[in-house]
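Hi everyone, thanks for coming.

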Amino acid sequence: MPKTLEGQITMEKTPSYFVTSKAPARISAMSRDTKLIVVVRDPVTRAISDYTQTLSKKPDIPSFESLTFKNRTTGLIDTSWSAIQIGIYAKHLDNWLQYFQMDQILFVSGERLISDPAGELGRVQDFLGLKRIITDKHFYFNQTKGFPCLKKAEGSSKPHCLGKTKGRTHPNIDPEVVQRLRDFYRPFNMKFYQMTGQFFGWDD
Ligand SMILES: Nc1ncnc2c1ncn2[C@@H]1O[C@H](COP(=O)(O)OS(=O)(=O)O)[C@@H](OP(=O)(O)O)[C@H]1O
């Protein structure tokens, strides 16, 4: 990590930290005061998004439906499949709470990051003790992309959307499989809402 001068914040982003069992101990050993920001979204959509990303690199992989189950007839879910495993947020959070306090961790809603990016980034700025510099006026909704984009990229006067690998079209998944996954995640989601004191609204 680079040294941080007075008035600076060092930030680092790695998607796999949250689910890496040794990461909390290592980060805590480096600095116990580290603030942690985790973006979470509906674990079912997350699993499909994860699969979509793998599919884009390896088009020959089996279907989402067949990877989901250890045994499709009994409906037994394959929790060792990383796309499923990562969405058990309560379990991963337990691991972090061995080393960090809950108030050191901010959970950003992936859904609100799309529906209200400025609001969610407002929470991030508050959590980091920063002035609210990024506001609604920095975003517009890009109809072609189907997502919010920046009106101006940093150091440029041009609009900027995230790249092609963000916001891919997901394949259609058998609704029965989606429902089975919703049932599977519900108790873990409830535990996660309790632990974080935040309701994410994933369980209809
Ligand atoms: N503004 C904007 N533009 C495009 N995409 C957006 C945006 N805000 C959030 N998202 C969602 O971010 C998802 C991709 O982020 P990841 O978490 O997969 O990124 S990372 O690879 O783990 O860093 C990506 O998931 P997919 O839709 O499955 O591609 C998006 O839903």
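Here is a short tour of the salt bridges.

First, some housekeeping: this is a predicted model, where local features need pLDDT of at least 70, side-chain atom pairs count only at pLDDT 80 or more, and totals for chains, interfaces and linings use all residues. Residues are numbered from 1 along each chain as its sequence is written, and side-chain values use heavy atoms, with hydrogens and water left out.

By salt bridge I mean a side-chain nitrogen of Lys or Arg within 4 Å of a carboxyl oxygen of Asp or Glu. How many salt bridges does that rule give? The count is eight.

Is Arg 46 buried or exposed? Arg 46 is buried, at 17% relative accessibility; buried means under 20% relative accessible area, exposed over 50%, and partly exposed in between, using a 1.4 Å probe and protein chains only.

Helix α8, residues 175-196, holds another pair, Arg 186 and Asp 183, three residues apart. Their salt bridge spans 3.1 Å, N to O. Arg 186 is partly exposed at 26%, and Asp 183 is partly exposed at 35%.

Finally, Arg 112 bridges to Glu 120, the closest N and O atoms being 2.9 Å apart. Glu 120 is buried at 2%, while Arg 112 is partly exposed at 30%. Together with Arg 123, they are linked in a network of salt bridges.

Definitions and conventions. Helix = DSSP H or I, 4+ residues; strand = E, 2+ residues; numbered from the N terminus.
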